[in-house]
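Reader: Could you walk me through reading salt bridges in a model like this one?

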Amino acid sequence: MIRFAVAMATLIVLICSFAFAQDATPKVQVFGGYSLLRADHGKLTGALLDADLQEPSNPFALPTYFLDGWSAEAQYNADHWLGIAADLSGRYGTPITLAGLPKETAYSLLAGPVISYRTKSRLTPFLHGLFGWDRTSLGASTITGSVTSPVSSAATTYNDFAMALGGGVDCGITRHVSVRLGQLDWYHTSINLNKFYTSAFGGSLLEGLATHQDNLRFSAGAVVRF
């Protein structure tokens, strides 16, 4: 599978490098595709959960985790270089590895300027700064795996500021269709994890956790241009 993905990426780059140029700047372009976010635990550890939830068997673990999701973006280009984009994305996963843990879902709506470097090549690099709102939720659940007694968690939602600073490369395939070969963002969220996990598990449990998170988000997909 990895070899196939590398081969396909190489083929797309070659097509982009040798295909004829597209000089016209689209007024509007729409992106849709897959995204993968490397999430920041914000100082939360398995040992801290073991202590605060009074689990002597030390069942909790928090390895590096990734959230699968999607990203959709609409962009208006004011001229050859400058545009403005609105980005809507969603991501899903489980932040802690243990049977019965609640699922995490998150959605964000961001907007901001985009600077594109358009030449006669089909490859169009771009940089953007997107700012807006993030909504992260944990579902209600009962944790059963390896704990001394079941641990209940309540449905919890947190809303706050988010931003994505980064860029990527689009490759024109036809006049109206491009492939976003890759987009990498430093993806900042402002979740007060003390409040978030205390709300989920009850009581006045957690202190000293981060009130913001520095994540990495990768996206790729298709772009339709008008």
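Predicted model: local features only at pLDDT ≥ 70, side-chain atom pairs only at ≥ 80, totals over all residues.

Reader: What counts as a salt bridge, and how many does the structure hold?

Author: In general, side chains of opposite charge can pair when their charged atoms come close. Here the cut-off is a side-chain nitrogen of Lys or Arg within 4 Å of a carboxyl oxygen of Asp or Glu. By that rule, the structure holds five.

Reader: Which side chain does R91 meet in a salt bridge?

Author: That's D134, at 3.0 Å from N to O. The pair ties together distant parts of the chain, with R91 in strand 3 and D134 in strand 5 (residues 123–138), 43 residues apart. Strands are DSSP runs (E, at least two residues), numbered from the N terminus.

Reader: Why does R91 count as buried?

Author: Buried means under 20% relative accessible area (1.4 Å probe, protein chains only). R91 counts as buried because its relative accessibility is 7%, and D134 does so because its value is 2%.

Reader: And what about R217, which residues does it pair with?

Author: R217 forms a salt bridge with D185, closest N and O atoms 3.0 Å apart, and another with D87, at 3.5 Å. R217 and D185 are buried, and D87 is too.

Technical notes. Residues numbered from 1 in each chain as written. Heavy atoms only, no water. Buried < 20%, exposed > 50% of the residue type's maximum accessible area, 1.4 Å probe, protein only. Helix = DSSP H or I, 4+ residues; strand = E, 2+ residues; numbered from the N terminus.
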